[in-house]
Amino acid sequence: MYNFDEILVRKGTNCVKHDALMENFGRDDLLPMWVADMDFRSPDFVMDALRQRCQHEVLGYATAPNSYWETLQQWLQKHYQIESTREELHFIPGIVAGIAFVLQAMTEPGDGILVTTPVYPPFLNLPQNKHLQLVCSPLHVEDGHWKIDFDDLEWRARQCRWMILSNPHNPGGTVWGKETLEKIAEICYRNNVSVIADEIHADMTLPPLQHVSFSTVSQQAKEISITFFAPSKTFNIAGLSSSACYCANESMRQRFYGYLDGYEIANGNIFAFVGAEAAFRHGEQWLTEMLQYIQGNIDLLKNFLSAHLPKAKVILPQASYLAWMDLSAMGMSHEELKERIYNQARIALNDGTTFGGKDYNCCFRINLGCPRATLQEALDRLVSALS
Ligand SMILES: Cc1ncc(COP(=O)(O)O)c(C=O)c1O
């Protein structure tokens, strides 16, 4: 039903991915394969709902209707097996903001914040901005996906108050299975560490795998966690700033939701409610087709690189569209790789070191959420600049 091959001109629409290249890469003529949104048309059912709301030409203060909460609850129940009450949910403008709010409301200066690296850069930056102690447990690759070293995690958890977990993991799209999440929950519970489960990529878990939501793996996991989720990545509506969170623990909830309400920093806006409700209400077919398309792009990446750049070690996503490439076997320095990728291939890829420092020299993240022809163009350019 949907055409993901369509090439849309996004430049000039004030979008970060295409319009903020100069600030981030020092040149404007790059093929943007970086920031995590997709170059696909946002779904017709979301656009229709927004247009319909615009027919009423008063854009005053908005309140979330019951139908928004019901749709959210149904989605959580169906896709995450979370049975939530209205009190357990709260609107959040964005997940990075939500994580910052948790750190603001529920930590003391110097508290340890545990993350598994390499990881989405704000997980590293937010704690450091708030004078918290960032504690990194490095992941390693096994069978082409990230694995956690549980001895290391346990040892580091002893110094920590919170863990920020990317479930599934960004970068590389590793899906954490139930057993892994149970172990994380046990370690955190034993060491009095609460968990922020960032599940923004959950809905894009690629079949036949299924997303397992952190709070559902055990009673302990449920008690110690706050889970963030959003329609933003799934339906390509990140610009609507519409996310939500779920917390089953009453005292944690009172403190966190009390903070959000007390400072009025998570009230929401008209388009966030309308867009999210339409996405969750009508999104199943679009999501199925979009994931099939993304799987096709992942297959293209895999086949093309193994044929033309066999020294590249790639972590192929099991969820979402963010693959990780380790180019260390190419025999070039990180700086030389950057020079070739940015200035010869003219592709904007995320620099691996921003996901955890020098350990990720020679690594890059590539965003596969684009028409296949765009990906093919990027791969052709990459191979010719690196060969
Ligand atoms: C793991 C993860 N969390 C959060 C975000 C961003 O969330 P938001 O735009 O809601 O702040 C991203 C975006 O790439 C992400 O990958």
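Good morning. Residue numbers start from 1 along each chain as its sequence is written. The model is predicted, so local features need pLDDT of at least 70 and side-chain atom pairs pLDDT 80 or more, while totals for chains, interfaces and linings use all residues.

Strands are DSSP runs of E, at least two residues long, numbered from the N terminus, and helices are runs of H or I with at least four. Strands pair when DSSP finds at least two bridges between them. E11, residues 313–315, pairs with E12 in the antiparallel sense over three bridges. Six residues lie between the strands of this hairpin, and Ser 320 there takes a positive phi near 70°.

E12 also runs antiparallel to E15, residues 363–367, with five bridges joining them. Here Trp 324 has Arg 365 as its bridge partner.

Why is E12 largely enclosed by the rest of the structure? Four of the five residues of E12, 322–326, are buried, where buried means that 20 or more other C-beta atoms, placed from the backbone, lie within 10 Å of the residue's own. Across the protein chain, buried residues make up 47% of the 387 residues.

As to the overall form, the protein chain has 14 helices and 15 strands. Its C-alpha trace spans about 55 × 55 × 40 Å along the principal axes.

Finally, the ligand: of the 13 residues around it, those that come nearest include Gly 94 and Asn 170, a residue being near if its C-beta atom, placed from the backbone, lies within 6 Å.

Note on methods. Buried ≥ 20, exposed ≤ 12 C-beta atoms within 10 Å, placed from the backbone.
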